[in-house]
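Please look over the sequence and the model that follow before reading on. The paragraphs below then lead through the structure step by step.

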Amino acid sequence: MSKIKLAATVILTRGPAHDPEVYLARRAPELRFFGGYWVFPGGNVSKVDYHGEGEPEERVLKRCAIREMLEETDILCATMGKQFSPERKQALKGQIKEAPEQWRQFLAQSADGFDRVTPLFRITTPSFVPIRFDTQFMHVRAWDNEVPEIDQYELVDGRFAKPQEVVEAWDRGEMEIAPPVLFLLRLIAAGSIDTFPGRARLETQRLAQGGLHPVYFSPGVFVAPLSTPTLPPATTTNTLIAGVDKLYVIDPATPDPAEQQRLFNKMDELVGGGRSFEAILLTHHHIDHVGAVNAVSKRYRLPVRAHAETYRRVDGDYITGEPLADGDRLELGTAPDGSRDWHLKVVHTPGHAVDHLCFIDSRYHAAIVGDMLSTVSTIIIDPPEGHMGTYLHSLNRLLEMPVKTLYPAHGLPHRDGHGLIRRFLRHRQKREDAIKSALAGEPRSLDELLPDAYADISEDVYPIASRSLLAGLIKLEEDGFCRRQGAGWLLA
């Protein structure tokens with residue numbers, strides 16, 4: 001589990017409390033964390049934000065917010081920049097990096113301006129995110145004459161906008177918004193900015209007590225990363241809920257009763273709000289994808305719909321639904337933007353497992369891909385069920401489909417689905433090239449080939465890697481490049 005970093009984020013507003021505008025900035029697409037998404041400005045606490053031992057953490061976080069806003073947007077929260085020219089602000093930015101004591105002295109002289117930076121609440125990033133933050137959200141009201149100017153480094157665009165208009169743009173698929181920002185924009189849009197802090201505190205307290213974070217990377221697909229016994233480095237499996245009014249729960253995976261209760265609480269909330277669950281969908285039968293199938297099926301009287309092979313491989317007391325096959329469609333009803341004929345397309349993608357299915361939504365082209373790809377590791381192909389040639393064919397088939405945000409079973413969703421698929425295909429080609437190089441010479445066993453073919457991994461994952469190595473050798477044998485000789489392998 002990654003170390004949690006301390007951070008501060010600023011919700012900068014202008015206009016009347018009952019109808020405010022909120023400042024949003026778009027992160028550079030190439031950034032690892034939320035690249036390409038619209039966010040509130042902010043960042044990590046730095047050494048320069050600490051002015052002494054034992055000082056209140058709130059003071060440190062306020063300094064962080066002031067510094068980040070100046071660096072990213074040219075907004076000087078401590079004074080709102082009323083008396084500072086652009087040249088003076090640039091000089092202050094230089095002090096942050098080159099003369100931190102002068103910056104600290106400036107902040108000490110501007111202490112009265114700290115009252116304009118109002119702490120609201122804190123949110124800790126869910127555990128499945130590789131970079132985690134304990135973030136203090138702050139509120140600052142902009143002066144009429146203060147115009148943000150983004151840094152064109154981490155941020156590439158910025159604008160003030162009405163929260164409801166931003167949410168509607170999100171529903172139309174026109175803006176990619178970081179999940180916590182979308183959550184907070186919905187709260188702001190539901191009332192005045194004056195009542196927003198109280199309403200938000202109630203919601204963030206619920207999250208702190210174990211409630212599932214409102215994680216949406218595309219409209220109509222909710223992600224619940226729940227603790228599941230699975231292969232490292234993953235520690236969770238994503239259970240997903242697709243739809244708005246007609247809902248499907250996909251891969252209810254966790255066997256942990258406490259984690260199952262978190263899922264039940266979310267499902268109960270949706271049912272209480274007038275939504276209806278149609279069925280449980282499974283991407284495949286592997287144990288880290290089906291741990292809560294029986295419990296969810298019995299509690300909500302839901303049929304399980306999956307590939308026909310899945311039913312033969314998942315024992316239990318669940319309601320068996322109609323099997324799914326390639327090309328089937330599952331009706332979702334009306335999309336978040338009001339468009340009709342919204343549905344999930346079923347795609348059979350064997351290779352990792354013979355019964356593996358993906359689900360692609362027709363409106364936003366979100367792809368729920370199970371174990372076809374991951375954003376925390378590569379995918380194991382384990383013979384005899386796993387077959388490398390079939391897996392690569394399935395990846396190439398997905399590449400031909402209209403895929404945008406890609407939802408793996410393990411790790412964060414990825415906004416460039418085709419880009420991630422191509423990355424996996426390149427990785428497999430490089431691995432195949434390494435296996436070919438390792439085959440030169442006398443017959444070699446799997447154990448002898450492994451250090452050369454997988455020179456970039458640690459020995460503690462050799463047992464897992466050896467299965468994918470075998471799958472790679474079988475593919476090369478089928479391609480006519482190598483052959484078996486006794487317990488070893490050599491060039492054909």
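Cys358 is buried, with a relative accessible area of 0%, where buried means under 20% relative accessible area, exposed over 50% and partly exposed in between, taken with a 1.4 Å probe on protein chains only. This is a predicted model, in which local features need pLDDT of at least 70 and side-chain atom pairs count only at pLDDT 80 or more, while totals for chains, interfaces and linings use all residues. Residues are numbered from 1 along each chain as its sequence is written, and side-chain values use heavy atoms, with hydrogens and water left out.

Another cysteine, Cys77, is likewise buried, at a relative accessible area of 0%. Its sulfur has its closest cysteine sulfur in Cys64, at 11 Å, and is therefore too far away for a bond. A disulfide is a pair of cysteine sulfur atoms within 2.5 Å, and the structure holds zero disulfides.

The walk through the chain can begin with strand E1, residues 4–14, of whose eleven residues eight are buried, so that the strand is mostly covered. Helices (H or I, at least four residues) and strands (E, at least two) are DSSP runs, numbered from the N terminus, and two strands pair if DSSP finds at least two bridges between them. With strand E6, residues 132–141, E1 pairs in the parallel sense over ten bridges, and in that pairing Lys5 stands opposite Phe133 of E6. With strand E4, residues 42–44, E1 runs antiparallel and is joined by three bridges; here Ala7 has Asn44 as its bridge partner. E1 also pairs with E2 in the antiparallel sense, over two bridges, with Thr13 opposite Val22 in E2. E1 and E2 form a hairpin with six residues between them, and in the turn Gly15 has a positive phi of about 90 degrees.

Further along comes a loop between helix H1 (57–73) and helix H2 (86–98), which is the place of Asp74. Is Asp74 buried or exposed? At 12% relative accessibility, Asp74 counts as buried. Contact means heavy atoms within 4.5 Å, and, when residues up to four places away in sequence are not counted, Asp74 touches Met69, Lys89, Gln90, Lys93, Glu146 and Glu149.

Helix H4, residues 163–171, has Pro163, Val166, Val167, Ala169, Trp170 and Asp171 as buried residues. Their cover includes strand E2 (21–27), strand E7 (155–161), helix H5 (179–189) and strand E8 (216–218). Just after H4, Gly173 takes a positive phi of about 80 degrees.

The next topic is the nonpolar interior. In soluble globular proteins, nonpolar side chains tend to be buried together. A nonpolar core is a set of buried Ala, Val, Leu, Ile, Met, Phe, Trp, Tyr and Cys residues joined through side-chain atoms within 4.5 Å. The largest one here has 61 residues, and those with the most contacts inside it are Ile11, Phe40, Ile177, Leu184, Leu185, Phe196 and Phe359. H5 gives the most to this core, with seven residues. Leu184 touches Ile11, Phe40, Phe121, Phe137 and Phe196, again not counting residues up to four places away in sequence. Apart from this core lies another, of 34 residues, among them Val48, Trp103, Val140 and Ala142.

Aromatic rings of Phe, Tyr and Trp (its six-membered ring) pair if their centres lie within 6.5 Å, and planes under 30 degrees apart count as stacked, over 60 as edge-to-face and the rest as tilted. By this rule the count comes to 14 aromatic pairs, and Phe33, Phe34, Tyr37, Phe133 and Phe217 form one aromatic cluster. A charge sits over a ring if NZ of Lys or CZ of Arg is within 6 Å of the ring centre and within 35 degrees of the ring normal. Lys266 lies over the face of Phe222, at 4.7 Å from the ring centre, and Lys436 lies over the face of Phe481, at 4.9 Å from the ring centre.

Seven strands form an open sheet of mixed pairing, in the order E8-E9-E10-E11-E12-E13-E14. Its edge strands are E8 and strand E14 (319–320), each of which pairs on one side only. Within this sheet, strand E12 (residues 276–281) and strand E13 (residues 303–305) run parallel and are joined by two bridges, with Ile280 opposite Val304 in E13.

Finally, Lys430 is found in helix H11, residues 417–438, and is exposed, with a relative accessible area of 63%. Lys430 and Ala453 are 23 residues apart in sequence and 9.8 Å apart in space, C-alpha to C-alpha.
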